[in-house]
Amino acid sequence: KPHTPVFSAQAPRFFDALRDIDITVFDEPRYEADDLIATLAGEEPAAGYIIVSHDKDLFALVNDEKCIAAYNPMSDKWTREADVVEKFGVASSQLYDYLGLLGDASDGIPGVDGVGAKTAAKLLTRFKSIDGIYANEETLKAEVTKKQFESLLANKSNAFLSRDLARPIICDEIALTGHGDMWAPEPDFVRGATLITNKKNHDL
């Protein structure tokens with residue numbers, strides 16, 4: 001999505017302020033932030049990642065083995081693999097399939113009409129993925145209502161399309177590993193406090 005005029009005007013100052021306190025900034029206008037975060041999550045840093053967001057799309061990246069967790073500073077809540085299962089009824093690795101079935105109006109993802117959160121979780125527990133659901137249509141018939149079964153068949157292409165829309169774009173052509181400053185030292189919080197209290201920066 002294109003930057004708003006206000007953001008475009010303030011972004012260089014904001015990014016410079018972050019760099020001044022040793023916080024690495026990676027800005028690539030061709031991609032959304034979710035795409036860059038997902039690309040970084042594919043890297044293998046020794047210390048893992050903390051994704052600061054409450055966006056459920058990004059919960060698909062949560063991975064205990066790779067030490068990737070999500071944190072929502074507004075609610076002071078951490079999200080790890082067990083939390084994803086508790087909240088959605090599916091594993092984090094199944095979340096794109098879940099959104100493919102359920103849809104997400106806020107992101108323009110249509111999903112499958114008539115399939116709600118409970119049904120999506122039930123089907124993915126039984127069949128593991130959207131591919132598994134449609135590879136077992138006879139078994140599927142016994143797992144859902146007649147109306148849901150008909151909707152699943154009629155919206156098969158929508159289900160796969162919706163999963164693709166939910167998935168981030170991995171920025172393969174960007175050599176993220178070549179950026180030595182990507183894994184910066186601990187931020188300079190003292191300098192950060194000075195920048196925040198500086199009246200010149202109150203409009204950031």
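N155 touches V112, D113 and Y134, leaving out residues up to four places away in sequence; contact here means heavy atoms within 4.5 Å. N155 lies in the loop between α8 (146-154) and α9 (156-166). Helices (H or I, at least four residues) and strands (E, at least two) are DSSP runs, numbered from the N terminus. N155 counts as buried because its relative accessibility is 17%, where buried means under 20% relative accessible area, exposed over 50% and partly exposed in between (1.4 Å probe, protein chains only).

The model is predicted, so local features need pLDDT of at least 70 and side-chain atom pairs count only at pLDDT 80 or more, while totals for chains, interfaces and linings use all residues. Residues are numbered from 1 along each chain as its sequence is written, and side-chain values use heavy atoms, with hydrogens and water left out.

Leaving aside neighbours within four places in sequence, L101 is in contact with G111, V112, V115, A120, L124, I130, I133 and L152. The largest nonpolar core has 37 residues, and those with the most contacts inside it are Y98, L101, I133, L140 and L152. Such a core is a set of buried Ala, Val, Leu, Ile, Met, Phe, Trp, Tyr and Cys residues joined through side-chain atoms within 4.5 Å.

The strands come next. Three of them form an open sheet in the order β1-β2-β3, with mixed pairing; two strands pair if DSSP finds at least two bridges between them. At the edges are β1 (49-52) and β3 (77-79), each pairing on one side only. β1 and β2 (residues 68-72) run parallel and are joined by four bridges. Within this pair, I50 stands opposite A69 in β2.
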